[in-house]
Amino acid sequence: MAMDRFEDIIGQDEAVRHLQTALKEHRISHSYIIHGDRGSSKKELAMAFAAALLCEQPENGNGIVEPCGKCRSCLQVLAGDHPDIRVFTHRKKTPSEKSVALNVDEVRALRSDVQIKPYSSGYKIYIVEHAESMNASAQNALLKTLEEPPEYAVIFLLSENLSTFLPTVLSRCVTLQLHPVAENLIAAYLEKKELASKERAALLAGLSHGNLQRAAELSRDEDFAAFLGEALALLRTLRGRNAAEIIDFTQKIADKKLEISRADDFLDITESYYRDILLHKAGMRQESLIFKGEIPYIAETAEQLSMQQIQQILEAAETARRRRSNAGNDALILEMMLLDIRSVLKSR
């Protein structure tokens, strides 16, 4: 297990700067909301801050405060058992349970724990994942702690949707907004960490759509290259595929027995592939395309489709993504998307 460090938080300069200032000037707020898309380094940022705050001998090189990685506190963080860092998240009772909503009982457990003083540090840090899933009752249960926190308590609410928070909760927290990371920064990070070659790093950065964690996950996925080749082969030949072949493909990648679901991967690949076609149609340079190895097919498809038809295809992909967010059947959703795309391709 590697320790989260600020140096690994790429492209989030504003949020890092705020937390670094808090560390250097010893002006620690009691409540933070870190808001960003899934995989946008929310938890990594909170853990880097927690490790640095609790570190017994924090380093201060190049103006950046980092945990030393050697003291007792850092060793506990590395082992994942620091008594003064508590992570709260909803635990699904069954594998089929879709919701990750934090309930009142879980929030009350946090409130009770806050009353216990730190075991070995001057602070006690709470990291609440999926905080946007708290309903009004759960948020109200947390509100008293946010209003009158003990001096030692620091609470991080990690969120993908600020609109679900009560105004009273928002008003008592410092909100740190995380943004999509530039592709060149993601590619440079993957190369620096020796996670991918220059060419592969550029491809993964493009597919990640600004999500550094996603790009890193793909770089470590030994089976992704083979899946990517299979997915692109289907998209190239989709116009001539029959319904049975499409159904077989979607059922295979959405199989619930798979250790890693490929539904998200396939949606990302499909959207990126047709965005490349759209960009080529609009006259963009080849260097701006993600799938540079697919340029002959991209050019041919761009010539055959109108801008309106390409937009229809991208809308079909976006519709599939919305349906997935509502916990629909992945195989059926992807099947409908591919049949819609095939219909547009056949109409050219």
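Trainee: How many residues line the second largest pocket, and which of them lie nearest its centre?

Mentor: Keep in mind that this is a predicted model. Here's the general idea: rolling a probe the size of a water molecule over the atoms shows where empty space is left. In this case the second largest pocket is lined by 25 residues, and those nearest its centre are D4, S41, K43, E44 and Q213. Two elements, α2 (42-54) and α9 (212-220), each give two or more residues to that lining. The largest share comes from α9, with four residues.

Trainee: What volume does the second largest pocket have, and how does its lining split by class?

Mentor: The volume is about 720 Å³. As for class, the lining has 12 charged, five polar and eight nonpolar residues.

Trainee: Which other residue has a positive phi although it is not a glycine?

Mentor: Have a look at H26, with a positive phi of about 55°. H26 is in the loop between α1 and β1 (31-35).

Trainee: Are S41 and H26 buried or exposed?

Mentor: Go by relative accessibility: under 20% is buried, over 50% is exposed. S41 has 9%, so it counts as buried. H26 has 67%, so it counts as exposed.

Trainee: Let's turn to cysteines. How many disulfides does a search of the whole structure find?

Mentor: A disulfide is a covalent bond between the sulfur atoms of two cysteines. The search of the whole structure finds zero of them. Take C55: the nearest cysteine sulfur, that of C68, is 3.5 Å away, and C55 is in no disulfide. The cut-off for a disulfide is sulfur atoms within 2.5 Å. C55 counts as buried, at 8% relative accessibility. C173 also counts as buried, with 11%.

Trainee: Now a strand residue. Where is I125, and what does it touch?

Mentor: I125 is in strand β5 (residues 124-128). Its relative accessible area is 0%, so it is buried. Setting aside residues up to four places away in sequence, I125 touches A50, L53, L54, D84, I85, R86, V154 and F156.

Trainee: Helices next. Are Q20 and E303 buried or exposed?

Mentor: Q20, in helix α1 (residues 13-25), is buried, since its relative accessible area is 3%. Apart from neighbours within four places in sequence, Q20 is in contact with F6, G63, I64 and V65. E303, in helix α13 (residues 295-304), is exposed, because its relative accessible area is 68%. From E303 to A138 it is 165 residues in sequence and 54 Å in space, C-alpha to C-alpha.

Trainee: And for the whole protein, how many helices and strands are there?

Mentor: There are 15 helices and seven strands. The C-alpha atoms fill a box of roughly 65 × 45 × 35 Å along the principal axes. Of the 348 residues, 48% count as buried. The protein exposes about 17,700 Å², with carbon and sulfur atoms supplying 48% of that area. Finally, take contacts between residues at least 6 apart in sequence: 72% of them join residues at least 24 apart.

Note on methods
Residues are numbered from 1 along each chain as its sequence is written. This is a predicted model: local features need pLDDT of at least 70, side-chain atom pairs count only at pLDDT 80 or more; totals for chains, interfaces and linings use all residues. Side-chain values use heavy atoms; hydrogens and water are left out. On a 1 Å grid over the protein atoms alone, a cavity is a set of points where a 1.4 Å probe fits but cannot get out, and a pocket is an open set with protein on both sides within 12 Å along at least five of seven lines; lining residues have an atom within 4 Å of a point. Grid points are joined across faces, edges and corners, and a volume is the space filled by probe spheres set on the points. Ala, Val, Leu, Ile, Met, Phe, Trp, Tyr, Cys and Pro count as nonpolar, Asp, Glu, Lys and Arg as charged, and the others, Gly among them, as polar. Buried means under 20% relative accessible area, exposed over 50%, partly exposed in between (1.4 Å probe, protein chains only). Contact means heavy atoms within 4.5 Å. Accessible areas come from the Shrake-Rupley method with a 1.4 Å probe; for residues, only the protein chains shown count as cover.
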